[in-house]
Amino acid sequence: MSEEDQPTIRTRVPLAVEAEVETLRGAMKGLGTDEADIIKTLTSCSCNQRQVIAREYAETHDRDLIKDLTKELSGHFEDVVVALMTRSSDFLARELKHAIDEKDGEAIVQILFACEPPELNSIKASYEQHNDDTLEEDLEDETKGVFEDVVVGAVTGNREEGVCELTSVNVARAIFNDDNGVNKEEVVKAFSSLSYKQLEGVLQVYYKIAGRTLGEAFDLEFKGKENANMQALFKCLQHRHVFLAAALHKAMAGPGTRDRDLIRLVVSRAEVDLQNIKDEYLKMYDTTLEAAIKGDTSGDYKKVLLALLHPNY
């Protein structure tokens, strides 16, 4: 993306693993549970460090930390804690399976196109370790048309690195199809293989050539669910942080809360670019993401989400 990614949670150095283990054990021993200690411990270090804590917990107490936590906790607070204690690739692979089963194209885009190639490869490996079919097979079964071709191409091919101004011009011209819509084959090829920085350039040049955004062109080219999915792709590739800020807003807009989306977005972006997303959210909605979450959640569920929004450095 154009600006440097800013997480809210970073690896904590030094990390007193043995002390953190005893804090967690103490929070769950005896009558009652000290939720505050659990929140503080799990949101003040990285996902990899939580795995280290879990291993030390098992070695020291001969107990499974996740099982102990789920026994003590409940509701959406438990959902967040389990997500925090799950390896990132395993968590996103599980969320991707749910998105595919639900035919939720926007969630598929959020997971597959808001991560860099090494993370995508880890998600794919985890997905295929925990499911009977390959990721490609499931995507082919549950997605259709040009959107299917893009997502399948993205998970089966290798995304290029680097950026070249001439490539942006050539690809934008290849996608532009005058008054006859867009060249769908070129869209698939570009969206599934070019680097994200290169695609930013393509979208900018396309606008200069066509006099409209590629998203506006998609409105003319696609209908219904496929158009919605292609619009999500366009918005994610145009400006990832804006796209994800809008996704968080959507998760909390109107009656009720799309808790699964809210949890996935906050937990998965905390170590990547949640600070950038917070900044865009404020610009877009004239309120902070913290205020939105305070107004839409409650109890320890609210507290753990807010803790993830607050930088640990």
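Student: Where is Lys103 placed?
Tutor: Lys103 sits in the loop between H6 and H7. Helices (H or I, at least four residues) and strands (E, at least two) are DSSP runs, numbered from the N terminus. The model is predicted, so local features need pLDDT of at least 70 and side-chain atom pairs pLDDT 80 or more, while totals for chains, interfaces and linings use all residues. Residues are numbered from 1 along each chain as its sequence is written, and side-chain values use heavy atoms, without hydrogens or water.

Student: What is the phi of Lys103?
Tutor: Lys103 is not a glycine, yet its phi is positive, at about 55°. Most residues other than glycine have a negative phi, and most peptide bonds are trans.

Student: Which residues does a cis peptide bond join?
Tutor: Val13 and Pro14 are joined by a cis peptide bond, with omega about -5°. Pro14 belongs to the segment before helix H1, which covers 17–28.

Student: Now the overall picture. How many helices and strands does the chain have?
Tutor: There are 20 helices and zero strands in the chain. Its C-alpha trace spans about 70 × 45 × 35 Å along the principal axes.

Student: On to packing. At what angle do H6 and H9 pack?
Tutor: Helix H6 (residues 88–101) and helix H9 (residues 135–142) pack at about 25°, and their axes are 9 Å apart. Axes are fitted to C-alpha atoms, for helices over the stretch in contact, and angles run from 0 to 180 degrees between N-to-C directions.

Student: Which residues meet there?
Tutor: H6 contributes Leu96, Lys97 and Ile100, and H9 contributes Leu135, Asp138, Leu139 and Glu142; contact means heavy atoms within 4.5 Å. By class, this contact of H6 with H9 has four nonpolar, no polar and three charged residues. Ala, Val, Leu, Ile, Met, Phe, Trp, Tyr, Cys and Pro count as nonpolar, Asp, Glu, Lys and Arg as charged, and the others, Gly among them, as polar.

Student: And H18 with H19, at what angle do they pack?
Tutor: Helix H18 (residues 274–285) packs with helix H19 (residues 289–296) at an angle of about 85°, and the axes are 8 Å apart. On the H18 side are Leu274, Lys278 and Tyr281, which meet Leu289, Glu290 and Ala292 of H19. The contact of H18 with H19 divides into four nonpolar, no polar and two charged residues.

Student: At what angle do the axes of H11 and H12 cross?
Tutor: The axes of helix H11 (residues 165–175) and helix H12 (residues 184–193) cross at roughly 145° and come within 8 Å. Val171, Ala174 and Ile175 of H11 make the contact with Glu186, Val187 and Ala190 of H12. For H11 with H12 the classes are five nonpolar, no polar and one charged.

Student: Which helices supply the lining of the largest pocket?
Tutor: At least two residues each come from helix H3 (47–61), helix H5 (75–85), H6, helix H8 (117–130) and H17. H6 gives the most, with four residues. The lining of the largest pocket has 12 nonpolar, five polar and seven charged residues.

Student: How many cavities of 30 Å³ or more are there?
Tutor: The count is one cavity of 30 Å³ or more. The largest cavity has about 70 Å³ of space.

Student: Which residues line the largest cavity?
Tutor: Its lining consists of Leu92, Gln110, Ile111, Cys115, Glu119, Leu244, Arg264, Leu265, Ser268 and Arg269. Helix H7 (105–112) and helix H17 (259–269) are the elements that give two or more residues to this lining. H17 has the largest share, four residues. By class, the lining of the largest cavity has five nonpolar, two polar and three charged residues.

Notes. On a 1 Å grid over the protein atoms alone, a cavity is a set of points where a 1.4 Å probe fits but cannot get out, and a pocket is an open set with protein on both sides within 12 Å along at least five of seven lines; lining residues have an atom within 4 Å of a point. Grid points are joined across faces, edges and corners, and a volume is the space filled by probe spheres set on the points.
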